[in-house]
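Let's take a walk through this model together, with the sequence at hand and the structure open beside it.

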Amino acid sequence: RVRIPLPVSNILWEHCMRLANRTLVEGYANVKKCSNEGRALMQLDFQQFLMKLEKLTDIRPIPDKEFVETYIKAYYLTENDMERWIKEHREYSTKHLTNLVNVCLGSHINKKARQKLLAAIDDIDRPKR
């Protein structure tokens, strides 16, 4: 057994938590269909994940916690709020944003709104190319 100094252990935990949270958002962005109940379960699962993490480590706040929570909650936004949200949240990839819009199609966003939101995402992505 090799003892790891606490500062090194904390850095390792931070990286693991950040990677786990980023992986959760990536997984949520791969969902093809999702109901309101499904998003509620995602929030519940994430809360359980956080509770388990808090028992394992004393690191507070949990790195990228807001990154995951914000993405899950974005599903519930109205068309206008989502357009604003898309423009304000550049930390998410084009894939994350596009999937969010596509998953909302039919539940509370119509096809016309979907096209408008996808155009907004494309406008954000354009300067990167």
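What follows is a short tour of a surface patch and then of some charged side chains.

Please keep in mind that this is a predicted model.

Now let's turn to charge. Side chains of opposite charge can pair when their charged atoms come close. Across the whole structure, a search finds 7 salt bridges. One of them links E79 to K116, with 3.7 Å between the closest N and O atoms. Because E79 sits in helix 4 (residues 79–88) and K116 in helix 6 (residues 111–125), this pair ties together parts that are 37 residues apart in sequence. E79 is partly exposed, at 27% relative accessibility, and K116 is also partly exposed, at 39%.

Further along helix 4, E83 and K87 lie 4 residues apart, about one turn of the helix. Their side chains form a salt bridge at 3.5 Å, N to O. Is E83 buried or exposed? With a relative accessibility of 17%, E83 counts as buried, while K87 is partly exposed at 44%.

E83 also forms a salt bridge with K116, where the closest N and O atoms are 3.4 Å apart. Since E83 is in helix 4 and K116 in helix 6, this pair ties together parts 33 residues apart in sequence. Through shared partners, the salt bridges join E79, E83, K87 and K116 into one network.

Notes. Residues are numbered from 1 along each chain as its sequence is written. This is a predicted model: local features need pLDDT of at least 70, side-chain atom pairs count only at pLDDT 80 or more; totals for chains, interfaces and linings use all residues. Side-chain values use heavy atoms; hydrogens and water are left out. A salt bridge is a side-chain nitrogen of Lys or Arg within 4 Å of a carboxyl oxygen of Asp or Glu. Helices (H or I, at least four residues) and strands (E, at least two) are DSSP runs, numbered from the N terminus. Buried means under 20% relative accessible area, exposed over 50%, partly exposed in between (1.4 Å probe, protein chains only).
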